[in-house]
Amino acid sequence: MASFNRRDLGLLALRVGTGAVLAAHGTQKLFGWFGGGGLEGTAKAMAAMGFSPAKESAIAAGLGEAGGGALLALGLATPAAGAAAAGAMAGAVAVHAPAGFFAGAGGFEYPAFLGFTAAAIGVAGAGRYSLDHVTDHVLDRPWVVAVAFIGTAFAAAAVVGRRAVAQEEERAEEQAEETAP
């Protein structure tokens, strides 16, 4: 009789729960499901938040959340899935950071938690009850972890950095207009 491994059951529960939440958020952005704005509404919101190009940013955020979440839930390509979801959450953290930490005040608590959880699963691996295990971990090798997280870190830094520069330029223009005679 096969015995269940508590660690692997815990990873399964964590993966499915986190992946489902991320996938739901991503489908709001991409398809307008669950009361979301869909791609058009998300692109408008991204533009208002200073992300450029807005439509491509909306697609990247939606795919990072929906795709990363679905893959996490399945336990397939877990390092890439965790890195993609964490990268998407890095953008959300940047948006919410000015409001402080706690979500009740509009802060970054919730996206940070999702991002850290996705990253931790990506680094730890999916466990025995996963498609990565079924496929003999072909997409869950140490080099995949390194490439996925390094690539995502550079991409997230570039996107968040570009947004910060654009916001600073916008603030400078507004100040110049206020002080102009």
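Visitor: What should I know about the ground rules?
Guide: It's a predicted model, where local features need pLDDT of at least 70, side-chain atom pairs count only at pLDDT 80 or more, and totals for chains, interfaces and linings use all residues. Residues are numbered from 1 along each chain as its sequence is written, and side-chain values use heavy atoms, with hydrogens and water left out.

Visitor: Why is helix 1 called roughly perpendicular to helix 2?
Guide: The two pack at an angle of about 95°, with axes 4 Å apart. Roughly perpendicular covers 65 to 115 degrees, so helix 1 gets that label against helix 2.

Visitor: What makes the contact between them?
Guide: Contact means heavy atoms within 4.5 Å. Helix 1 brings Gln 28, Lys 29, Leu 30 and Phe 31, while helix 2 brings Gly 38, Leu 39 and Thr 42. By class, that's three nonpolar, three polar and one charged.

Visitor: Why is Ala 45 called partly exposed?
Guide: Ala 45, found in helix 2, has a relative accessible area of 32%. Buried means under 20%, exposed over 50%, and partly exposed is in between (1.4 Å probe, protein chains only), so Ala 45 is partly exposed.

Visitor: How much space lies in the largest pocket?
Guide: About 750 Å³. Among its 36 lining residues, the closest to the centre are Met 46, Ala 61, Glu 65, Ala 88 and Ala 92. Lining residues have an atom within 4 Å of a point on a 1 Å grid, and a pocket is an open set of points with protein on both sides within 12 Å along at least five of seven lines.

Visitor: Which helix gives the largest share of that lining?
Guide: Helix 4, with eight residues.

Conventions:
1 Å grid on protein atoms, 1.4 Å probe; cavity = no way out; pocket = protein on both sides within 12 Å on 5 of 7 lines; lining within 4 Å. Points joined across faces, edges and corners; volume = space filled by probe spheres on them. Axes fitted to C-alpha atoms, helices over the stretch in contact; angles between N-to-C directions. Parallel < 35°, antiparallel > 145°, perpendicular 65-115°, else oblique. Nonpolar A, V, L, I, M, F, W, Y, C, P; charged D, E, K, R; others polar.
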